[in-house]
Amino acid sequence: MSVSRRTVLAVAAGGLLTGCAGPAKPAPAAPPPSPSTTGSPAPSAPPAGPTRAEIVARYGNHAPTSWGLTVPGALSRLPAGGKKAALTFDACGGKGGNAYDKALIEFLRGHSVPATLFINSRWIDENPSVFKELAADPLFEIANHGTRHLPLSVSGRSAYRIPGTRNAGEVFDEVSGNRAKLTGLLGHPPRFFRSGTAYCDDVAARIVTDLGERFASFDVNSDGGATFTPAQVHQAMQDVRPGSVVIGHMNHPHGGTARGMSGAVPQLLDKGYEFVRLSDAVKA
């Protein structure tokens, strides 16, 4: 069993993705998007796609058959082709999750290493100028990390003691709220979505697809929810293989992510690896 898989099993009870701590209980359905605190206007209309009512009518009576980090339709590895891997970093927002790991981002910039950044609505609202800077940098791709940072479920499943969305309507709210915010700020909708904790069921993953995004999971957990030491991050990165999608966090600057990555990534580059954004490798 690989280090990353052992990590998933070993720390599940304690909260693998504590860097993405969520609310203690589900919040009411999200209201329509309001103007962003970044100062950029919210879109006058949500991105094109099915309405909430249409999603509820389509999936309201569907029972999920799988639940976890890897479900049908989720992207956990890149398509075959070359010695490529993708670094993805979550910015979760909320209590204890609004900080910014500038050292990590500056390391990536210094080595011209691209990454996909999954950013939650709450983090955007707390870091408007940083978000604007990241969004303007072609090295990075901005992706959707949800509106309230909930596990994505149509039946109220929980992950790491974080209650998930309870039905198809709440799945729609979780995806579309931040999708509308990002569309207004970026000028185009995001292509990829990752839920809080990265947990999802197969029905929720189909809803994400219907809303125009792809659910993104991972096969290498690099920092255990920003709880790993630099040495542990470095060790976890030894699991990277051609096609790997790596998850880490960019909202805990006092964790070991930046220092661990600064040791591991140059070694992988020396071995001939090419790091890509998800959209560079996944065209459809």
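Predicted model: local features only at pLDDT ≥ 70, side-chain atom pairs only at ≥ 80, totals over all residues.
**Start of H6**

I began at the start of H6, where a side-chain oxygen of asparagine 167 comes to within 3.1 Å of the backbone nitrogen of glycine 169.

Next I looked up the helix itself. H6 covers residues 168-186, which makes 19 residues. From its first C-alpha to its last it reaches 26 Å, close to the 27 Å expected at 1.5 Å a residue.

Then I checked the other end. Just after H6, glycine 187 has a positive phi of about 90 degrees.

How many of the 19 residues of H6 are buried? I got 18, so the helix is largely enclosed by the rest of the structure.

**Whole chain**

The protein chain has 284 residues, and 55% of them are buried. It holds 10 helices and 12 strands. I also looked at contacts with a separation of 6 or more: residues 24 or more positions apart account for 81% of those.

**H3 against H9**

I moved on to helix H3 (residues 102-110) and helix H9 (residues 257-270). Their axes come within 8 Å and cross at roughly 20 degrees. Angles under 35 degrees count as roughly parallel, so I wrote H3 and H9 down as roughly parallel to each other. The crossing is right-handed.

Which residues of H3 meet H9? I found Ala103, Leu104 and Phe107 on the H3 side. Facing them in H9 are Thr257, Ala258, Met261, Ser262, Val265 and Pro266. A reminder to myself about spacing: an α-helix has 3.6 residues a turn, so residues three or four places apart point the same way.

**H2 against H7**

For another helix pair I took H2 (residues 52-59) and H7 (residues 202-210). They pack at an angle of about 145 degrees, with their axes 11 Å apart. I noted a right-handed crossing here too. From H2, the residues involved are Ile55, Arg58 and Tyr59. They meet Val203, Arg206, Ile207 and Asp210 in H7.

**Glycine 94**

Last stop was a loop. Glycine 94 sits between strand E2 (84-91) and H3. Is this glycine buried or exposed? Its relative accessible area is 11%, and buried means under 20%, so I put glycine 94 down as buried.

I also looked up how far glycine 94 is from asparagine 120. The two are 26 residues apart along the chain, and their C-alpha atoms are separated by 8.9 Å.

How values were computed:
Residues numbered from 1 in each chain as written. Heavy atoms only, no water. Helix = DSSP H or I, 4+ residues; strand = E, 2+ residues; numbered from the N terminus. Expected span 1.5 Å × (residues − 1). Buried < 20%, exposed > 50% of the residue type's maximum accessible area, 1.4 Å probe, protein only. Polar contact = N/O pair within 3.5 Å; in protein donor to acceptor, adjacent residues only side chain to side chain. Axes fitted to C-alpha atoms, helices over the stretch in contact; angles between N-to-C directions. Parallel < 35°, antiparallel > 145°, perpendicular 65-115°, else oblique. Left-handed = near helix turned anticlockwise from the far one by under 90°. Contact = heavy atoms within 4.5 Å.
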